[in-house]
Every structure is written in C-alpha cells, then in structure tokens.
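I opened my notebook beside the structure and jotted down what I looked up, one entry at a time. Follow along if you like.

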Amino acid sequence: MFILEKWVRPRVLKMKPYSSARDEFSGEAQVFLDANENPFGAIPNDAPYNRYPHPLQPELKQRISEVLGFLPATIFLGNGSDEAIDLLMRIGCEPNQDEIMIMPPTYGMYAVSAEINSVAIREVSLLPNFQLNVPEILTQIQPNTKIIFLCSPNNPTGNRLREADILQVLQGFDGVVVIDEAYIDFSTQASWAGKLSDFPNLVILRTFSKAWGMAALRLGMALASPALIQFFNKVKSPYNINVLTQAYALDALQHYAKLQERVAFIIQEREKLQASLLALPTVQAVYPTDANFILVKIQNAPQVYAYLLQKGIVVRNRSNVMLCQDCLRITVGTPEENGVLVKALQSYN
Ligand SMILES: *Cc1c(COP(=O)(O)O)cnc(C)c1O
C-alpha cells in the first residue's frame, strides 16, 4: 500500500517551506511595500510586470479545471513538465540512497534528472513490441525504488502502452507511478487523469509544449492527489510560472476548439507522412504512432541522418538507442516541411 508520509523524504516532510511576503497577510491592501519590487513598472515603458506573480496560479488552475476537467487542487504547474519530473525526485528520493525505474527506450529527462539528484536508475527495457515487461518490472522493484516512470504514448517509439499493463504496475508498486502523457492529445487512448482518485500513487504529466504549441513558454503540469500536490507546492521555487506565460495560457484555454482542429490536422499529416515513408525502398519499418512523431527504421540510418542534416533538415537520430537500431524519429511538420523531407529521402542513394 502507498503511504504518502512514508514515501516523502523525511526532511521534506518536516521542513518549513519558504514563506513569501504575500503569504503572511490576508485581506485587502492598497499599498504594497513588502516585496522590494519597483513601484513604477518594467523598464522601459512601465509595463505591469513589476509585481511577483501569485505562487500558486489560482486563476490559471481554475481555467484549466473548467476546460480540461481536472480539479484545481490536483494540479501542479511547472516551468515545463521537466520541472515536475525534477521536483518529484526531490520530494521522494533520498540522494545516494533511493532509486527510480525507467523503461528504455524512453524520454531522456527521467535519467538526467535522477543523475542530477544523485538518484540511482534501474532500467527494465521495453519488450521488442515496445510494450512493458510487467513481470520483470515487478521483480526488479527494490525496497528503495521510489518512482516508476511510464511514458504513454512513449517517446521515441510513439506507441501507447497497454492499459492492463499500466494497471498492473500501479497496483503492484507501493511507490509513485508516473504516467507521462505529453503526447496524449494525439492519441486515441483515454487519459489516466480520470483515475486519479482511484490511485493515490499516480502522477500524470501533461505539457503545453506539444499539442498546445507553447514550448517556448515553458508550461507543464503534474496531476496527482491533493495531498501529493501539497508537497510539490512546498518544494517548488515560489514564483515558478511567470506572468506572461500565465496570461498566454489563460487566453489559449479559451480556444480549445482550435487545439482540437490543429491536432486533427497534424494527425492527418502524420498519416500522409507515414504512407510516404512506407513507400520508400530504404525504409524497413514505419512504427505505429499515437504521437506527433514517427519512428522509422531505415537502411544506414546514421548516414541518412547526416545526409539530411547537410540538406538543412534536422530529424532525431535514435539509431544508437536500445531497440531502435537504424531508427530515426521524425516530427510531423507542416505539409511543406514534410514534403521537403520526403523529397530529400527519395533522392537519397
Ligand atoms: C516533450 C516531452 C515533454 C515535455 O517537456 P516540457 O518540459 O513540458 O517541455 C515531457 N515528456 C515527454 C515524454 C516529452 O517528449
């Protein structure tokens, strides 16, 4: 059974969080001389960015709740979902003592974040069909395994993980199971967000960087039980989401139909691109994808990668990654960009 107070690092459990100037009073005020801000506004034209943003972004969480249906108390907003990955480790993993489990090939930041935090990494590779090796995962769990990272749809393979497998991991592990849903908008798979209240050890990652097209603004989410979200709030830096990002996201969320339209278009382009790639004689496999990218197995992938680069086309070379020999990961671009890529591949020999 998952017991939050046992999972959280003892120091984090006990520590007193930073208390900002604005935390320490309640009620109305007219004159703010508490936070050493510049009273005039931002250089050069006194733009209204001189006040620190609200540490917990209540307005944005409310809007997310209305549009996406997650309860505000179950939302942590981060400077990209990468911040949530890092914080989760700092909340739950004692440096030089605890470990996480990842399922390569997968997103690189889980391991990088673990290294930075002196947290050991246990790897249980995906099966050749890119699904979870559930029996092996369950046997590899150690007393000091604190987090299992699952990514569905998975990066770089593009496939979604089977729900029954994820369920077995969730039920068979007393630590936190992260399901990274960065690409869920491009998938036919249902989100696990609806299951949050069933699993106190479930953390879901979402991002505004992909389908929402806001990678430059750095906004990501962790969804979890309100009790676990409290620890994110305790450990995060106080003003982690800036005002410009919050304002932009508030507006973007008013245009959910536009997002759906964009996603549908990208999925259409994905299907066209898959067909074009499959028609190339050097292509050995075009893997099924639930994301906005395609993993392709192609003869002499490293050489093809270099050839494309020299034509000014950048794809991701994954050929030295486990289970991805001779694979390139190709993001679905605009029709023009996809056309340029396919043409270049057609004239490669
Ligand atoms: C792109 C990506 C992210 C997004 O990270 P941000 O920090 O929110 O930009 C998270 N997880 C996976 C698997 C990704 O591919």
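This is a predicted model: local features need pLDDT of at least 70, side-chain atom pairs count only at pLDDT 80 or more; totals for chains, interfaces and linings use all residues.

**Entry 1: a strand and its partner**

**Entry 2: a helix**

How far apart are the end C-alpha atoms of helix α4? I found them 17 Å apart. Helix α4 covers residues 81-92, which makes 12 residues, and at 1.5 Å a residue these should span 16 Å, so the two values agree.

Then I asked myself how many residues of α4 are buried. The helix is mostly covered, with 10 of its 12 residues buried. Among them I listed S81, E83, D86, L87 and M89.

**Entry 3: an open sheet**

I moved on to a sheet of 4 strands. It is open, its order is β8-β9-β11-β10, and the pairing is antiparallel. Which strands stand at the edges? They are β8 (283-286) and β10 (316-317); each has a single partner strand, so one side of each is left without a neighbour in the sheet.

Strand β9 (residues 293-298) is joined to β11 (residues 327-331) by 5 bridges. I picked I294 and found that its bridge partner in β11 is I330.

**Entry 4: the ligand**

Which residues come nearest to the ligand? Of the 13 residues around it, I wrote down Y183, T207, S209, K210 and R218. The shell divides into 4 nonpolar, 5 polar and 4 charged residues.

I then looked up some distances. A polar side-chain atom of D180 is 2.7 Å from a nitrogen atom of the ligand. Y183 has a polar side-chain atom 2.6 Å from a ligand oxygen atom. For T207, an N or O atom of the side chain is 2.6 Å from an oxygen atom of the ligand. How much of the ligand does the protein bury? Taken alone the ligand exposes 390 Å², and the protein buries 94% of that.

I found R218 in the loop between β6 (202-207) and β7, and it is partly exposed, with a relative accessible area of 29%.

N36 also has a positive phi, near 55°. This residue lies in the loop between α2 and α3. Is N36 buried or exposed? At 77% relative accessibility, it counts as exposed.

Last, I looked up the cis peptide bonds. One joins I43 and P44, with omega about 5°, and P44 is in the loop between α2 (10-14) and α3 (58-68). Another joins P104 and P105, with omega about 0°. I found P105 in the loop between β2 (99-102) and α5 (109-116).

Notes: Residues are numbered from 1 along each chain as its sequence is written. Side-chain values use heavy atoms; hydrogens and water are left out. A residue is near a molecule or strand if one of its heavy atoms lies within 4 Å of it. A polar contact is a pair of N or O atoms within 3.5 Å; within protein, one must be able to donate a hydrogen and the other to accept it, and residues adjacent in sequence count only if both atoms are side-chain atoms. Accessible areas come from the Shrake-Rupley method with a 1.4 Å probe; for residues, only the protein chains shown count as cover. Ala, Val, Leu, Ile, Met, Phe, Trp, Tyr, Cys and Pro count as nonpolar, Asp, Glu, Lys and Arg as charged, and the others, Gly among them, as polar. Two strands pair if DSSP finds at least two bridges between them. Helices (H or I, at least four residues) and strands (E, at least two) are DSSP runs, numbered from the N terminus. The expected span of a helix is 1.5 Å times one less than its number of residues. Buried means under 20% relative accessible area, exposed over 50%, partly exposed in between (1.4 Å probe, protein chains only).
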